[in-house]
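Subject: Structure handover

Hi there,

Here is the structure I promised to pass on to you.

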Amino acid sequence: MLRSKIAGIGMYVPEHVVTNNDLLKYMETSDEWIQERTGIKERRYAHRTEETTTTMGVEAAKIAIQRANTTADEIDFIVFATLSPDYYFPGCGVLLQRALHMKEIGALDVRNQCSGFVYALSVADQFIKTGMYKNILVVGAEKHSFGLDLTTRGRNVSVIFGDGAGAVVLQPTENIEQGILSTHLHSDGNSAEILAMYNPGTHANHWGDKNYASFDDAEIANMFMSKKMIDNAELFPFMDGPSVFKKAIVKFPEVIMEALNKNGYQTTDITTLIPHQANLRIAQFVQQKLGLRDDQVYNNIQHYGNTTAASVPIALCEAWEKGKIKKGDLVCLAAFGSGFTWASALLKW
Ligand code: COA
């Protein structure tokens, strides 16, 4: 039976550093509040016109492809995870295929927010294991800065998020001492509206309790995108932070234990846990609950904020570049976010 291994990994973050104090230009907040609640000191914001989710994904992909000792021409499938695509449609996968002048290969976009990269990795893993593809590019990238309410009204959400991209190339291996051991995917749509961006969308909730039959033509014509949405900040993400926190600290440990149990390992066997960088307090809670030492968990949210689908590959890449992940190490990736969706992957590096 074939296994998938990460043959190359890369990351890209924009140059522009935005500190907590820089945010004071736009909103009432403080470095102390943000650090105490989230652990974040700074994040990166993409260039407003020259960088997009796709261009950042392309930069990360180029590094991953080169480190995998392959070329863009050899890639036979793309899986691209993001919640901040360049266009409503088509997705970033095809834009990346075009930018890297790849062959007319399949390109799939994954919309699973914070767990998007682990979902994307799982999809790619299945294609490698069945022998269908031999060189899959998996990307997680976000340009949050373009869609945040940077006024005091939106501060509970906007201080958390940053921009960036990470990518890996998956290839088959017959070495049973290496590669992805298992992946675990979950969802609970009952809380879909707790962390969401509702508009633009095809739902008809914009008008509260008003009876749809009583809409006039102008209202119906503007249901997808209206001035009211702009005026009421309905085109920005909504988050009930405390509810997200409560669910995350249950589901993170659960899905990590699921991966360990499936493969006969214990928490003490983990060399490095890469949790999705949602909030440093969540990661610390998970670490404590699982009894992990500091050297078993890698966090970098302090410098990049929460980069959603990009956070796991960015943290994995940085940990590897710093020499914290070596051949044969047991690495666990775990993520939780909007949907709710959550996921884990256990791999031998
Ligand atoms: N700066 C200063 N004050 C802020 C603020 C900011 N950026 N954002 C919110 N506040 C204020 C609120 O207005 C509120 O004030 P009030 O008590 O006068 O009404 C107070 O801080 C507490 O707000 P609350 O939302 O209850 O704070 P919290 O302690 O729950 O922390 C989060 C907010 C978002 C940091 C926290 O809920 C969290 O991290 N949740 C998980 C979010 C997450 O991980 N999201 C990513 C999903 S993958």
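Let me start at the ligand: one of its oxygen atoms sits 2.4 Å from an N or O atom in the side chain of Asn279. Do keep in mind that this is a predicted model. On its own the ligand has 960 Å² of accessible area, and the protein covers 70% of that. Two further polar contacts may interest you. Thr29 places a polar side-chain atom 2.7 Å from a ligand nitrogen atom, while Pro242 uses a backbone N or O atom, 3.3 Å from an oxygen atom of the ligand.

Around the ligand there are 22 residues, with Thr29, Arg37, Arg155, Gly241 and Asn279 the closest. By type, the shell holds twelve nonpolar, eight polar and two charged residues. Helix H1 (31–38), helix H5 (155–158), helix H8 (241–262) and strand S12 (330–337) each give two or more residues to it, and H8 has the largest share, with four.

Now for the domains. The chain splits into domain 1 (3–173) and domain 2 (179–193 + 238–348), and each of them supplies at least three residues to the shell around the ligand. Their C-alpha centres are 17 Å apart. In the contact between them, 49 residues come from domain 1 and 42 residues from domain 2. Together the two domains bury about 3,600 Å², of which 66% is on carbon and sulfur atoms. On the domain 1 side, Met11, Cys114 and Val118 account for 18% of the area buried against domain 2, more than any other three residues.

Happy to chat about any of this.

Best wishes

Conventions: Residues numbered from 1 in each chain as written. Predicted model: local features only at pLDDT ≥ 70, side-chain atom pairs only at ≥ 80, totals over all residues. Heavy atoms only, no water. Near = heavy atom within 4 Å. Polar contact = N/O pair within 3.5 Å; in protein donor to acceptor, adjacent residues only side chain to side chain. Areas by Shrake-Rupley, 256 points an atom, 1.4 Å probe, with all protein chains shown as cover. Nonpolar A, V, L, I, M, F, W, Y, C, P; charged D, E, K, R; others polar. Domains from an automatic or database assignment. Contact = heavy atoms within 4.5 Å. Buried area = accessible area lost by both parts, 1.4 Å probe.
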